[in-house]
Amino acid sequence: FSGDSIRKGAHLFKTRCLQCHTFNENIRVHKSGPNLYQIMDKKIGDCPNYIYSEVFKRFKEKVEKDNFVWNREQMESFLENPKLFIPGTKMGFQGLRKPKDRENLINYLYHSNK
C-alpha cells in the first residue's frame, strides 16, 4: 500500500471511526464499539470483553458457518453501507460512499495489522 493511502486511511479512521472504536494494542479496551486493533483477517465478533448486540450476535451465527473473516471484500461491503450489511445494527455510522475512501481505510487497517 502506498504511504499516501495509509495516511488518508489513518485520517479517515480518526475522523470517522475513533469516536466509537478504540485502536489499541490492549485488545480488551473498548468504547461503544469494539476495539479494531488488528481486525483485518480476524473472525467476526472476536473481540475479548466486548458485549455485542443481539442483532450482531445473530449475524455472526449466520455467517460463522461460512468461516467469515474481516477480509478486504467483507470490509469493503460493510464500510459502504453497514446497515445493509448487518440489518438492524445499532451502529450510527452511515458508511463511506467513495470507493477510494473505503480502499484507503482498509489499507490503513491492514497496514496497522502488522
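Helices and strands here are runs assigned by DSSP, numbered from the N terminus. Keep that in mind while we walk through this predicted model.

**The overall picture**

UniProt, in an unreviewed entry, places the feature "domain: Cytochrome c" at residues 4-113. That span is 46% helix and 0% strand. Its end C-alpha atoms lie 17 Å apart.

How confident is the predictor? The chain averages a pLDDT of 92, and 99% of the residues score at least 70. Among the elements of the chain, α2 has the lowest mean pLDDT, at 91, while α5 has the highest, at 97.

**Helix α5 and what covers it**

So what does α5 look like? This helix has 13 residues and reaches 18 Å from its first C-alpha to its last, close to the 18 Å expected at 1.5 Å a residue. Its buried residues are Arg 102, Asn 104, Leu 105, Ile 106, Asn 107, Tyr 108, Leu 109 and Tyr 110. What covers these buried residues of α5 includes α1 and α3.

Step past the end of α5 (99-111) and you find Ser 112 in the segment after it. Is Ser 112 buried or exposed? With a relative accessible area of 14%, Ser 112 is buried, because the cut-off for buried is under 20%. Leaving aside residues up to four places away in sequence, Ser 112 touches Phe 23, Tyr 37 and Gln 38.

**Aromatic rings**

The structure holds 13 aromatic pairs. One of them is formed by Phe 23 and Tyr 37, an edge-to-face pair with 5.8 Å centre to centre and 75° between the planes.

Phe 23 counts as partly exposed at 23% relative accessibility, whereas Tyr 37 is buried at 15%.

Rings also gather elsewhere: Phe 59, Phe 68, Trp 70, Phe 78 and Phe 85 are linked into a cluster by ring pairs.

**Salt bridges**

Side chains of opposite charge can pair when their charged atoms come close. A search of the whole structure finds 5 salt bridges. Here are some of them:

| Salt bridge | N to O distance |
|---|---|
| Lys 8 and Asp 4 | 3.2 Å |
| Glu 54 and Lys 57 | 3.3 Å |
| Lys 60 and Glu 64 | 3.7 Å |

Now look at where these partners sit. Lys 8 and Asp 4 both lie in helix α1, 4 residues apart, about one turn of the helix. Glu 54 and Lys 57 are 3 residues apart in helix α2, so about one helical turn separates them. Lys 60 and Glu 64, also in helix α2, are 4 residues apart, again about one helical turn.

How accessible are these residues? Lys 8 is partly exposed at 43% relative accessibility, and Asp 4 is partly exposed at 39%. Lys 60 counts as partly exposed at 23%, and so does Glu 64 at 40%.

**Two asparagines with positive phi**

Most residues other than glycine have a negative phi. Which residues go the other way here? One of them is Asn 49, with a positive phi near 70°. Asn 49 has its place in the loop between α1 and α2, and it is exposed, with a relative accessible area of 58%.

Asn 67 has a positive phi too, of about 55°, although it is not a glycine. Asn 67 is found in the loop between α2 and α3 and counts as exposed at 64% relative accessibility.

**One more stop: Glu 73**

Finally, hop over to helix α3 (residues 72-80), where Glu 73 lies. Is Glu 73 buried or exposed? Its relative accessible area is 61%, so Glu 73 is exposed. The C-alpha atoms of Glu 73 and Ala 10 are separated by 19 Å, and the two residues are 63 residues apart along the chain.

Terms used:
Residues numbered from 1 in each chain as written. Predicted model: local features only at pLDDT ≥ 70, side-chain atom pairs only at ≥ 80, totals over all residues. Heavy atoms only, no water. Phe/Tyr/Trp six-rings, centres within 6.5 Å; stacked < 30°, edge-to-face > 60°. Buried < 20%, exposed > 50% of the residue type's maximum accessible area, 1.4 Å probe, protein only. UniProt positions renumbered as here; feature names shortened; annotations may be inferred. Contact = heavy atoms within 4.5 Å. pLDDT = per-residue confidence, 0-100. Expected span 1.5 Å × (residues − 1). Salt bridge = Lys/Arg side-chain N within 4 Å of Asp/Glu carboxyl O.
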